[in-house]
Every structure is written in structure tokens, then in C-alpha cells.
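Welcome! Let us walk through this structure together, one region at a time.

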Amino acid sequence: MRNPWAIGLIIFFSLLFLIGVNIGELDFLYNVGRTICLSCIGVG
Amino acid sequence: MNLSLFRRLVQTLVALGTNGYLLFPFTLDIYKGPLKAVCHPGLNCYACPGALLSCPVGAFQNFLAAVRMSAGAIPNLGGIVVGYLGFIGVLVGRVPCGWLCPFGFIQDLLYKIPTPKFSFWRPLRWCKYVVLVGLVILAPLLIVDQVGLGHPWFCKLLCPAGTLLGAFPLLIIKPNLWENLGFWFWNKFFWFVLIVAGVIFISRFFCRLLCPLGAFYSLFNRISLVKLDYIEGNCVHCLACVPACPTGVRAYEERDSRECILCLRCVQACRFGALDFSLRRPLPAPRKTVARAVEPPKRVTQPT
């Protein structure tokens with residue numbers, strides 16, 4: 001089975017990722033990651 | 001090397017490698033280095049003291065939960081996480097579930113506990129899509145406090161990886177957290193016990209029933225560049241592949257199943273070479289120019 005969607009989706013998700021990086025989501029992700037998630041622990 | 005052994009080795013290395021911050025017993029804190037700007041491809045709580053990477057599900061919920069706080073600027077909708085996960089999904093489908101997810105690995109180990117095993121009622125597999133849409137996307141967006149800040153509801157209500165890898169170790173290294181334990185913790189603890197019990201008796205119970213990450217990756221199983229190939233001519237319908245599959249896929253009749261985590265246990269179980277791991281062509285193969293054979297002249301029958 002051939003899959004013409006794959007290339008289009010790869011481009012779409014790559015663009016989505018790059019737009020995210022360019023609008024500062026990397027910093028947000030970094031800040032989220034280095035904060036202790038109280039919801040995960042169940043105390044907040 | 002045996003394929004199962006190789007997969008187990010990969011799972012072990014990924015689980016230990018991505019949770020390899022060994023200084024936490026001394027710092028009594030989680031890892032806060034630059035790797036936290038990268039998401040794990042599997043479900044791995046970033047509150048785990050050893051975690052080197054961020055959890056994609058937790059991070060995405062936090063993006064949505066804070067979307068109202070970015071007034072005036074371009075809202076951060078988590079495109080970086082969706083792009084990252086979608087890219088992986090299109091390339092390899094649910095391979096991360098079978099090979100890279102630390103919580104999937106833990107489930108595989110727990111299922112080895114010798115107890116009676118039960119099958120999974122298949123319609124329940126749709127629950128994970130409800131969890132993805134309801135708890136991971138809609139709830140953080142819509143349920144907000146007075147300031148306009150939402151919560152990561154999947155992490156808060158349900159996530160067993162958070163309880164096991166985040167809550168338990170942190171409660172050990174930070175005893176002051178015990179003072180804040182209340183309804184939310186005991187609710188999560190209840191779900192954790194229920195899920196662990198399910199995992200011991202039903203193979204990959206959490207992946208099949210509740211995992212939102214598996215639900216997301218499964219959307220790409222029918223178009224991903226890798227797939228499980230079924231060679232009908234070789235199949236003798238011995239059904240050896242059915243008990244081998246941890247997610248209950250009948251590989252001989254379900255092509256490109258959304259439940260398939262490409263662990264390749266069925267490939268190993270099949271002695272007739274009817275199942276194989278193969279690549280799916282993203283584009284049609286180039287047409288070969290074949291010299292057209294000269295057609296024989298049409299016989300014309302003259303009317304008499």
C-alpha cells in the first residue's frame with residue numbers, strides 16, 4: 001500500500017515544530033520541565 | 001540476537017538512560033538541566049527525580065492550561081510537542097509504545113508476574129481516545145481558575161506513570177510533601193492500584209485502555225512509513241501470532257491495526273514467514289517504461 005499522506009504530514013508536523021520553536025515554546029517547555037509538577041504528584 | 005531479547009535491551013537502556021539523573025539522592029531535587037527542553041517519545045513523568053527529558057503529555061497539557069495567560073502575544077498551543085509527536089508518529093507509528101516507552105516497559109515486566117491472565121474486552125480500547133480528547137485537550141483548555149489558568153487534568157487525575165515515577169520517589173526525598181497529601185493524591189493512588197492490578201492480569205492494560213499518548217500515535221498507524229507486513233500466501237492460519245501479541249491484535253485479519261505497537265513478537269512467533277516488518281512507500285513507485293508488445297493484427301471477418 002502506498003501512502004501519499006506521509007510526506008505531506010511530515011512537512012506539516014515539521015513546520016508545526018519549527019513555528020513552536022520560533023514563537024518561544026522551547027523556553028516554555030524548558031520551564032515546565034524543570035518545575036516539579038505538583039499535579040503529577042497529586043498535591044496541587 | 002533474539003528479537004525479544006533485543007527489544008528488552010532497548011527498553012531497558014531507554015528507560016534507564018532517560019531516567020539517568022543519579023545525583024537526585026544528593027541534591028534532593030529533580031533534574032533541571034537543558035535536556036528538559038526535549039520531550040521523551042514515551043510516557044515518562046518529568047517529575048521523576050531521575051528524568052532527564054520532559055513528558056510530552058504533561059508538557060502539552062501545560063501549554064493548553066496556560067493558553068489564556070499569553071494574552072497579547074501569539075498563544076503557545078504546544079505546536080512544538082504536537083509537531084514532535086506527529087513527526088515520530090508519521091515515521092514509525094506506535095513503535096515508541098513497543099520499544100521506547102518506560103511505562104510500557106514497566107507494564108511488560110508486571111505482566112510477567114505469574115497469575116491467571118485475562119483477555120481485554122475490545123470495545124474498551126476507545127476509552128483512550130476519550131482520555132486524549134477529554135482530559136488532555138479539552139479539560140486543560142476549558143476548566144480554569146479565577147486567574148484563567150488551567151490544570152494538567154490527566155496528570156492530576158489519572159496518570160499512573162506520575163504516581164509511580166514522580167510521586168513515590170519525591171515523597172521519599174522530600175518528606176515535607178507529605179503534609180500536602182489530600183484528595184488528589186489518594187484519588188491518583190486509587191487509580192494507580194487499579195491500573196497496576198489490571199496490568200498484572202491483562203497484557204498492556206493501560207496502553208490499551210487509557211494511554212492518551214498511545215491514542216495519539218495510533219492515529220498514524222495506517223499511514224506510518226513502517227508497518228507490519230502480512231504475506232497471505234505464507235499464512236497457514238495456525239494462530240500462533242494471536243497469543244504472542246501483547247495488545248490482542250489478530251495480525252492475520254487486521255491490517256495496520258491501530259492497536260499494533262510493532263513490538264514484532266508476532267513476527268517471531270510465526271514460523272512460516274507470514275509476518276514481517278517492512279517499509280511503506282510514501283510515494284508511488286516510479287513507472288517503468290515497458291516496450292509495448294506488438295499487438296497481433298485484428299482478424300477481420302468479412303460479412304458474407
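Contact here means heavy atoms within 4.5 Å. What you are looking at is a predicted model, in which local features need pLDDT of at least 70, side-chain atom pairs count only at pLDDT 80 or more, and totals for chains, interfaces and linings use all residues. Residues are numbered from 1 along each chain as its sequence is written, chains are lettered from A and ligands numbered from 1 in the order in which they are written, and side-chain values use heavy atoms, with hydrogens and water left out.

Arg7(B) sits in helix 1 of chain B. Helices (DSSP runs of H or I, at least four residues) are numbered from the N terminus. At 3% relative accessibility, Arg7(B) counts as buried; the word stands for under 20% relative accessible area, while exposed stands for over 50% and partly exposed for what lies in between, with a 1.4 Å probe and protein chains only.

Now take in the whole of that helix. Helix 1 of chain B has 15 residues, 3-17, and at 1.5 Å a residue it should span 21 Å; its end C-alpha atoms are 20 Å apart, which agrees. The expected span is 1.5 Å times one less than the number of residues.

Which residues of helix 1 of chain B are buried? They are Arg7(B), Val10(B), Gln11(B), Val14(B) and Ala15(B). These residues cover an arc of only 125° around the axis, which puts them on the same side of helix 1 of chain B. The arc is that of the directions from the helix axis to the C-beta atoms.

Next come the charged pairs. A salt bridge is a side-chain nitrogen of Lys or Arg within 4 Å of a carboxyl oxygen of Asp or Glu. Over all chains, a search of the whole structure finds 9 salt bridges. In one of them Asp108(B) pairs with Arg8(B), with the closest N and O atoms 3.5 Å apart. The two come from distant parts of the chain, with Asp108(B) in helix 6 and Arg8(B) in helix 1 of chain B, 100 residues apart. Asp108(B) is buried, with a relative accessible area of 9%, whereas Arg8(B), at 21%, counts as partly exposed. Arg7(B), where we began, belongs to a network of salt bridges that links Arg7(B), Arg8(B), Asp108(B) and Arg204(B).

Elsewhere, Arg122(B) and Glu254(B) meet through their side chains in a salt bridge, 3.1 Å from N to O. Arg122(B) lies in the loop between helix 6 and helix 7 (127-142) of chain B and Glu254(B) in the loop between helix 13 and helix 14 of chain B, so the pair ties together parts that are 132 residues apart in sequence.

Leu28(B) counts as partly exposed at 40% relative accessibility, while Leu262(B) counts as buried at 5%.

Finally, see how the chains meet. The contact takes 33 residues from chain A and 58 residues from chain B. Together the chains bury about 3800 Å², 73% of it on carbon and sulfur atoms; buried area is the accessible area (1.4 Å probe) that two parts lose on being put together, summed over both. Across this interface the rule finds 0 salt bridges, but 8 residue pairs in polar contact, both at pLDDT 80 or more. On the side of chain A that touches chain B, the largest share, 11 residues, comes from helix 1 of chain A.

Conventions:
Polar contact = N/O pair within 3.5 Å; in protein donor to acceptor, adjacent residues only side chain to side chain.
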